[in-house]
Amino acid sequence: MCSSDLVTTGGNAVFEQTIDGNTNSTADKLTLAAGGDSVIISGKIGATTPLDSLTVNNAVNVTFSQTVSVDGDLTINATGTVRFDDKLTISSGKLTIKGASEVIIGEVVMTSPTGEFVIEANTLNVTGDIKGSGTVVLRPSDVSKAISFGVARSEEHTSELQSLR
């Protein structure tokens, strides 16, 4: 794969096959313009060779059903739910998700010391470990919403920070 743009209109974009980068020196950059629809990737991303960057623009929902491996930036602009059902590895770049109503993310490994983890969503559900170093930025998509961490205690109606490593 080389630099490529894919524009979809009039329906969801569904990718069932593995999407790999190439092993030569050409940058492997994939941009998906969803045209206001959803993107569903049920195959692995970077199973053998990671992509150099992956961008999803103008999407409602974005779902990655299997592992995702990127050697650069992963950028998602979506208004609905962004979901990673398996491990996400970013080797030398940043994760940026903007505009989402909800982000559901499992295990994340960021290996670059200068990497960034930027999530702009009204709800963030982390179901695995987030490992690595760099900067973490969390903010709501709707600026009128408050930011709270932890698990709400129903009897006290408060939140408690469970742990940060």
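The predicted protein has 17 strands and zero helices. When contacts between residues at least 6 apart in sequence are considered, 24% of them join residues at least 24 apart.

Strand 5, which spans residues 53-59, is mostly covered, five of its seven residues being buried. This strand is paired with strand 3 (residues 29-33), to which five bridges join it in a parallel arrangement, and within this pairing asparagine 57 of strand 5 is the bridge partner of alanine 33. Strand 5 is also joined by four bridges to strand 8 (residues 74-78), and these two strands likewise run parallel.

Asparagine 22 counts as buried because its relative accessibility is 16%, which falls under the 20% limit. A polar atom of the asparagine 22 side chain lies 3.2 Å from the backbone nitrogen of asparagine 24.

The structure holds one aromatic pair. The pair is formed by phenylalanine 64 and phenylalanine 84, whose rings are stacked, with a centre-to-centre distance of 4.8 Å and an angle of 10° between the planes. Because phenylalanine 64 lies in strand 6 (residues 62-64) and phenylalanine 84 in strand 9 (residues 81-84), the pair ties together parts that are 20 residues apart in sequence. Both phenylalanine 64 and phenylalanine 84 are buried.

With regard to charged side chains, a search of the whole structure finds four salt bridges, among them one in which the side chains of arginine 83 and aspartate 85 meet with an N to O distance of 2.5 Å. Aspartate 85 is partly exposed, with a relative accessible area of 40%, and arginine 83 is also partly exposed, at 34%.

Another of the salt bridges links lysine 94 with glutamate 116, the closest N and O atoms being 3.5 Å apart. Since lysine 94 lies in the loop between strand 10 (88-90) and strand 11 (95-105), whereas glutamate 116 belongs to strand 13 (residues 116-126), this pair ties together parts that are 22 residues apart in sequence. Lysine 94 is partly exposed, its relative accessible area being 31%, and glutamate 116 counts as partly exposed at a relative accessibility of 28%.

A salt bridge is also formed between the side chains of lysine 131 and glutamate 107, with an N to O distance of 3.6 Å. Lysine 131 lies in strand 14 (residues 130-132) and glutamate 107 in the loop between strand 11 and strand 12 (108-110), so that the contact ties together parts that are 24 residues apart in sequence. At a relative accessibility of 42%, lysine 131 counts as partly exposed, and glutamate 107, with a relative accessible area of 28%, is partly exposed as well.

How values were computed: Residues are numbered from 1 along each chain as its sequence is written. This is a predicted model: local features need pLDDT of at least 70, side-chain atom pairs count only at pLDDT 80 or more; totals for chains, interfaces and linings use all residues. Side-chain values use heavy atoms; hydrogens and water are left out. Buried means under 20% relative accessible area, exposed over 50%, partly exposed in between (1.4 Å probe, protein chains only). Two strands pair if DSSP finds at least two bridges between them. Rings of Phe, Tyr and Trp (its six-membered ring) pair if their centres lie within 6.5 Å; planes under 30 degrees apart count as stacked, over 60 as edge-to-face and the rest as tilted. Contact means heavy atoms within 4.5 Å. A polar contact is a pair of N or O atoms within 3.5 Å; within protein, one must be able to donate a hydrogen and the other to accept it, and residues adjacent in sequence count only if both atoms are side-chain atoms.
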